[in-house]
2 protein chains.
Amino acid sequence: MDIQSYMTGIGKQARAASRLVAKADTATKNKALTLTAQAIERDVKRLLAANAEDLAAAHAKKLEPALIDRLTLTEKTVAAMADGLRQIVKLPDPIGEISKLKQQPSGIRVGRMRVPLGVIAIIYESRPNVTADAAGLCLKAGNAAILRGGSEAIHSNQAIAACVHEGLKNAGLPETAVQVVETTDRAAVGELLRMNEYVDIVVPRGGKSLIERVLRESRIPMIKHLDGVCHVYIDDRADVEKAIRIADNAKTQRLGTCNTMETLLVARGIADKVLPRLGAIYQDKGIELRGDDASRNLVPGMKPATEEDWYTEYLAAILAVRVVDGLDQAIEHIAVYGSQHTDAIVTEDQARAQRFLREVDSSSVLVNASTRFADGYEYGLGAEIGISTDKLHARGPVGLEGLTSLKWVVFGDGQIRT
Amino acid sequence: MDIQSYMTGIGKQARAASRLVAKADTATKNKALTLTAQAIERDVKRLLAANAEDLAAAHAKKLEPALIDRLTLTEKTVAAMADGLRQIVKLPDPIGEISKLKQQPSGIRVGRMRVPLGVIAIIYESRPNVTADAAGLCLKAGNAAILRGGSEAIHSNQAIAACVHEGLKNAGLPETAVQVVETTDRAAVGELLRMNEYVDIVVPRGGKSLIERVLRESRIPMIKHLDGVCHVYIDDRADVEKAIRIADNAKTQRLGTCNTMETLLVARGIADKVLPRLGAIYQDKGIELRGDDASRNLVPGMKPATEEDWYTEYLAAILAVRVVDGLDQAIEHIAVYGSQHTDAIVTEDQARAQRFLREVDSSSVLVNASTRFADGYEYGLGAEIGISTDKLHARGPVGLEGLTSLKWVVFGDGQIRT
């Protein structure tokens, strides 16, 4: 296969389809999603059979257990996929809304209309449910999607795509509105990243090496996050019980997510009240602690932290701990070592909370709540395509709105500029 | 001079200054702008003397008259510069506003806080007033600015920068919040475009060759527009008088601006009523007309248009004219040949106006108003840093809001994720 012309063909078809999806009404888009959900439920056996093919290949290639785990579909996860699509059906359609319509001195009325971005390419690994999820979000926001899943999930993804195509077709929308790249050749990703004529935005979802590759090769804007080196800062004016509850939850509720705390900062004035108790909790739960000298004096069995630790997103049962003088040093630490993803302060002092909110330059900043809340569902977006640590366009959890743009609309009655 | 280390130094200082400007309160930022305006007025003679140096060099180099015209400062333009800064003082401070704060089922309250982007680099040509204007907009939006003006304006820009630095210093802000690149070496631009560690966004303001260079070399996101191939479509349900007034104004009010009409599309059903009258108006005003056969049959003296004409942004006394079958063909023409900048429909038919608004994928879409309105001042933004034809982040006229980002802020009372 000539990868370049294959991918260009996909790009052209996506661009053409995007114009039809952009003007589709809400009922049509919802019909496509509902029919897709029905097809997924009806075809559960076919989906599991396709997934079994991928799993057999994965076992034969001796892929990592964690990867195989993410790749595996069950009757339950297939049902959850259909359910996710029905959730997207229930979300309000963002497209076409005109906001901030105001009369100007010239007599024209000027507002902003929410419109689709156009063509969205999503590059992801392992999890086949992303195929349904991403297709649903892109479509509801009026976009065409090009989906490039991992080669290890190719049969699963194609089986899911068949359901999406059936839904699109029976709703009267072009099947090319959602295209799954059918080659597992890695060169296809390179081509995709060069097609700035046909692709408006790339969403890489996966490990750091994938995202770094996309960053290096792409000339197309991205919605992505590289690292989630998230902090909880326990201020000396914190409520001790809240501090312990939040610092425990932020690290231990799930270890491998991007909004999990990786470094705990504790004000010197409160360290002796919280660190010994927290240390015991973490050690009970099997968390390895790496701290500065002041922390180690308070928690027996803590390893010394190196400079490298402050920069590290462990995504594992390891936590770095540092005692800081107070708010200024905490903000400075986060500015130097953080990844602008998600950071929290625990304090009862409103002025300090305000300063933390204003001065910490992260996509999510929380007061007296666990970093684990940084999530599209918890924020009320209904669903998310990912979390962005960029400052431009979409930032933090990205839902339907992040997959749209605003254009200016002007209503006149014959006005001219003088 | 070692350009690379010089530029890196500027970048590092800008990054450091950006953190201080980001947390500056409104009164401090306004004080800096007001003091700058006063310094500019006080120093008018010094500014004109510096400008005279640039002008002498420009004449010696036999630069184009249009360029020399843009380069020239007068007492009036200097006063306008100071006035522009006072206008920015009057604009509401966008920073710190928290919007859409909503309680979520978990009990946390989630909202979005408007925050600065960080460091903005502006690359521009000729007009020295951009130095004051861009510095003022970046500062008010809480950003540090790196300004790289044209080598032909170096003395003027440095003189203006001295006033900005005086204002910053006397307001207690770091002078490095606004830095003017002091070398005219073109390699400095190349360095600037590679400093993605220190620069959050690049705004190229200038001719197409400048913008193409930035597009080619930059790894940093941009606010830019390449072309303004703007259309007016006169529908067969248009009010003839409005149509003539708008099509006249859109082309002839100013020839060289990006929102000037370059192609006129007229529905076949109304062409005989509007084209002969418009043709006479344009020809009276010295506009060269290039049309398709149907247009030429209605307007004597019209040259034939080539395929190339439909793609061309003339920025000159030339207009392309095409008769189309109706709305569908007009939308299709704009999709194929347009530049997604600014397009207008003239019609009394609400359904057709709606379709045009929904389906034309441009940064500004107007109904019964001249394309010349696509402008930050006319849209009520107060001032603009430029017009963006990108769909991501800022689109259309970009004012203070386009120089900011939104971050998520969460207020809890000890909530943890379960």
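Predicted model: local features only at pLDDT ≥ 70, side-chain atom pairs only at ≥ 80, totals over all residues.

Reader: What rotation superposes chain B on chain A?

Author: A rotation of 180° does so, with 0.0 Å of shift along its axis and an RMSD of 0.0 Å. The two copies are thus related as by a two-fold rotation axis. In chain B, the C-alpha nearest that axis belongs to B:His393, at 1.9 Å from it.

Reader: How many residues does the contact take from chain B and from chain A?

Author: It takes 54 residues from chain B and 54 residues from chain A. Strand 16 of chain B gives the largest share of the side of chain B that touches chain A, namely eleven residues. By class, that side has 21 nonpolar, 18 polar and 15 charged residues.

Reader: And in which sense do strand 16 of chain A and strand 13 of chain B pair?

Author: They pair in the parallel sense, over five bridges. Within this pairing, A:Val409 stands opposite B:Val365.

Reader: Turning to helix 5 of chain B, which of its residues are buried?

Author: The buried residues are B:Val78, B:Met81, B:Ala82, B:Leu85 and B:Ile88. Seen down the helix axis, they fall within an arc of 110°, so they line one face of helix 5 of chain B.

Reader: What do those buried residues pack against?

Author: They pack against helix 2, helix 3 and helix 6 of chain B.

Reader: Which exposed residues does the face turned away from the buried side carry?

Author: That face of helix 5 of chain B carries B:Glu75, B:Lys76 and B:Lys90.

Technical notes:
Residues numbered from 1 in each chain as written. Chains lettered and ligands numbered in written order. Least-squares fit on C-alpha atoms with pLDDT ≥ 70 in both. Buried ≥ 20, exposed ≤ 12 C-beta atoms within 10 Å, placed from the backbone. Helix = DSSP H or I, 4+ residues; strand = E, 2+ residues; numbered from the N terminus. Arc of directions from axis to C-beta. Contact = placed C-beta atoms within 7 Å. Nonpolar A, V, L, I, M, F, W, Y, C, P; charged D, E, K, R; others polar. Pairing = 2+ DSSP bridges.
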